[in-house]
Amino acid sequence: MAVERTLSIIKPDATRRNLTGKILARFEEAGLRIVAQKRLRLTREQAERFYAVHSERSFYDDLCDYMISGPVVAQVIVGENAIALIREIMGATNPANAAPGTIRAEFGESIEANSVHGSDSPETAEFEIGFLFSGIEIIG
Ligand code: GDP
C-alpha cells in the first residue's frame with residue numbers, strides 16, 4: 001500500500017449540526033493525518049467547477065445549491081491507502097445504503113446532504129487539493 005493524499009470536505013449539513021469534530025475524529029482514529037484545513041463558504045462558481053465532472057447529471061444544480069447553502073470545512077488528509085480508507089469510513093453515497101458505523105450512515109440526512117466528501121481517485125484528489133489549497137498551506 002502506498003501513502004496517498006486526498007481531499008475531504010465536511011459538507012453544509014454537517015457544519016450546521018456542529019459535527020465537524022466528530023467527523024474529523026473518525027479520520028484521525030483511523031490513523032490518517034490532517035495536513036491542511038480551512039473553513040470556507042464556496043461561491044456558486046467554485047461549487048460548479050469543483051463538481052464539473054457531474055455537470056451532465058440531473059442533480060448537478062441541486063448539488064451546487066446545496067454545497068453553497070452553508071460553510072464547509074475542507075482538509076487535505078495523508079496516510080496509507082488514504083483515498084480508499086476515507087471512502088470506507090464515509091460509507092455509500094446514499095446514507096440509506098451506507099454500512100452501519102460509517103459517517104454517512106450515522107450522520108447523513110439524504111443522498112445529497114450526506115455530510116462528507118472524499119476524493120475518489122489519485123487524479124481527482126490532486127485536482128481537488130489544488131483547487132482548494134496552495135502548496136504553502138499543506139504542512140506534513
Ligand atoms: P460520492 O463520491 O459518494 O460523494 O458520490 P458522487 O461522486 O456520485 O456524487 C457527488 C455528490 O453528489 C454526492 O456526495 C451527493 O452529495 C450528490 N449526489 C449523488 N447522487 C445524487 C442524487 O441522485 N441526487 C442528489 N440530489 N444528489 C446526489
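Mentor: Start with exposure. Buried means under 20% relative accessible area, exposed means over 50%, and partly exposed lies in between (1.4 Å probe, protein chains only). Ala74 counts as buried because its relative accessibility is 0%. This is a predicted model, where local features need pLDDT of at least 70 and side-chain atom pairs 80 or more, while totals for chains, interfaces and linings use all residues. Residues are numbered from 1 along each chain as its sequence is written, and side-chain values use heavy atoms, leaving out hydrogens and water.

Trainee: Where does Ala74 lie?

Mentor: Look for its element. Helices (H or I, at least four residues) and strands (E, at least two) are DSSP runs, numbered from the N terminus. Ala74 lies in strand 3, which spans residues 72-80.

Trainee: What about Gln46 and Cys64: how far apart are they in space?

Mentor: Apply the two distances again. Gln46 and Cys64 are 18 residues apart in sequence. From C-alpha to C-alpha, Gln46 and Cys64 are 9.0 Å apart. Gln46 itself sits in helix 3, residues 44-50. Gln46 counts as partly exposed because its relative accessibility is 28%.

Trainee: And Val53: is it buried or exposed?

Mentor: Val53 is exposed, because its relative accessible area is 71%. It belongs to the loop between helix 3 and helix 4, the latter being residues 60-67. Val53 and Thr124 are 71 residues apart in sequence. In space, C-alpha to C-alpha, Val53 and Thr124 are 9.9 Å apart.

Trainee: How far apart in space are Gly101 and Phe133?

Mentor: Gly101 and Phe133 are 30 Å apart, C-alpha to C-alpha. In sequence they are 32 residues apart. Find Gly101 in the loop between helix 5 and helix 6. Gly101 is exposed, because its relative accessible area is 54%.

Trainee: Now the backbone. Which phi does Asn81 have?

Mentor: Asn81 has a positive phi of about 55°, although it is not a glycine. Asn81 is in the loop between strand 3 (72-80) and helix 5 (82-90). With a relative accessible area of 27%, Asn81 is partly exposed.

Trainee: What is the phi of Ser115?

Mentor: Ser115, also no glycine, has a positive phi of about 75°. Its loop runs between helix 6 (103-107) and strand 4 (116-118).

Trainee: Which side chain makes a polar contact of 2.8 Å with that of Ser115?

Mentor: Begin with the term. A polar contact is a pair of N or O atoms within 3.5 Å; within protein, one must be able to donate a hydrogen and the other to accept it, and residues adjacent in sequence count only if both atoms are side-chain atoms. The partner of Ser115 is Asp13, joined side chain to side chain at 2.8 Å. The side chain of Asp13 also contacts the side chain of Arg17, at 2.6 Å. Asp13 lies in helix 1, residues 12-16. At 2% relative accessibility, Asp13 counts as buried.

Trainee: Last, the ligand. Which residues are around the ligand?

Mentor: Count a residue as near if one of its heavy atoms lies within 4 Å of the molecule. The residues around the ligand are Lys11, Tyr51, His54, Phe59, Leu63, Arg87, Thr93, Arg104, Ile111, Glu112 and Asn114.

Trainee: How far is a polar side-chain atom of Thr93 from an oxygen atom of the ligand?

Mentor: For Thr93, that distance is 2.6 Å. His54 places a polar side-chain atom 3.0 Å from a ligand oxygen atom. Arg104 also has a polar side-chain atom 3.0 Å from an oxygen atom of the ligand.
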